[in-house]
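I opened this model to work through its strands, its turns and its side-chain contacts. These are my entries, in the order in which I looked things up.

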Amino acid sequence: MGAVRFTVQVPMRWSDMDAYGHVNNVVHLQYFEMARVALFFERASLEERTGLRRGTVVAAHDIQYKRPVVYSARPLDVQVWVSGVRAAAFTCHYEVFDHDQLAVTGSTLLVPFDFSIDRPRRLTPDEKEFLTRWTDEPAAP
């Protein structure tokens, strides 16, 4: 089964460039975040699935740079999908395309979090159902 991906067009800002004239490496984490927000907040809200809005925290990032990205008025295409949906964690994967060329890949381990008690929490059944629609793994029996 191939990954079911959500694609977000992310505009670059002139200020994203570093002294070497390409997008600074840490800015790509912001692009990842913009894609996650589009999927887990905006898309989930459109479908009236608001559980993920209660909160998630980043437990880890992994990122690989394939080629430099130079500022352009043309937005980047950031594809995001999910794997490893567990009781209290899941992983988001990303591919960033610059002018149709793969530039950056990465992943983020996310943990649902209850900010009212300052502790991790379990995913709700609705959250799991939403996440599994964007996964590259077969559904559990």
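I began with the hairpin that E3 and E4 form, which has six residues between the two strands, and I noted that glycine 84 in the turn has a positive phi of about 60 degrees. The model is a predicted one, in which local features need pLDDT of at least 70 and side-chain atom pairs count only at pLDDT 80 or more, while totals for chains, interfaces and linings use all residues. I number residues from 1 along each chain as its sequence is written, and the side-chain values use heavy atoms, with hydrogens and water left out. For the elements I follow the DSSP runs, numbered from the N terminus, with helices (H or I) of at least four residues and strands (E) of at least two.

Entry on strand pairing. I take two strands as paired if DSSP finds at least two bridges between them. E3 and E4 run antiparallel and are joined by seven bridges, and I found tyrosine 94 in E4 as the bridge partner of valine 80. Strand E1 (residues 6-10) also pairs with E3 in the antiparallel sense, over five bridges, where glutamine 9 has aspartate 77 in E3 as its bridge partner.

Entry on the cover of E3. I call a residue buried under 20% relative accessible area, exposed over 50% and partly exposed in between, with a 1.4 Å probe and protein chains only. How many residues of E3 are buried? Eight of its eight residues are, and the strand is thus mostly covered. In a regular strand the side chains alternate between the two faces of the sheet. Here Leu76, Val78, Val80 and Val82 point one way from E3, whereas Asp77, Gln79, Trp81 and Ser83 point the other way, and all are buried. I also looked at what lies over the ring of tryptophan 81, and found arginine 5 over its face at 3.6 Å from the ring centre; the rule asks for NZ of Lys or CZ of Arg within 6 Å of the ring centre and within 35 degrees of the ring normal.

Entry on the loop between E4 and E5. Most residues other than glycine have a negative phi, and most peptide bonds are trans. Histidine 99, although not a glycine, has a positive phi of about 50 degrees, and I placed it in the loop between strand E4 (90-98) and strand E5 (101-114). Aspartate 100, in the loop between E4 and E5, has a positive phi of about 70 degrees and is not a glycine either. Histidine 99 counts as partly exposed because its relative accessibility is 38%, and aspartate 100 counts as exposed because its value is 58%.

Entry on salt bridges. With a side-chain nitrogen of Lys or Arg required within 4 Å of a carboxyl oxygen of Asp or Glu, the structure holds six salt bridges. In one of them, arginine 74 meets aspartate 100 with the closest N and O atoms 3.4 Å apart. That pair links distant parts of the chain, from the loop between E2 and E3 to the loop between E4 and E5, 26 residues apart. Aspartate 98 and arginine 67 meet in another, at 3.4 Å from N to O, and link strand E4 to the loop between strand E2 (56-65) and strand E3 (76-83), 31 residues apart. Is aspartate 98 buried or exposed? At 6% relative accessibility it counts as buried, while arginine 67 is partly exposed at 31%.

Entry on aromatic rings. I pair rings of Phe, Tyr and Trp (its six-membered ring) if their centres lie within 6.5 Å, and call planes under 30 degrees apart stacked, over 60 edge-to-face and the rest tilted. By this rule I count five aromatic pairs. Among them is the edge-to-face pair of phenylalanine 40 and phenylalanine 90, with 5.5 Å centre to centre and 85 degrees between the planes. Phenylalanine 40 lies in helix H1 (residues 27-46) and phenylalanine 90 in strand E4, so the pair ties together parts that are 50 residues apart in sequence. Both residues are buried, phenylalanine 40 with a relative accessible area of 4% and phenylalanine 90 with 0%.
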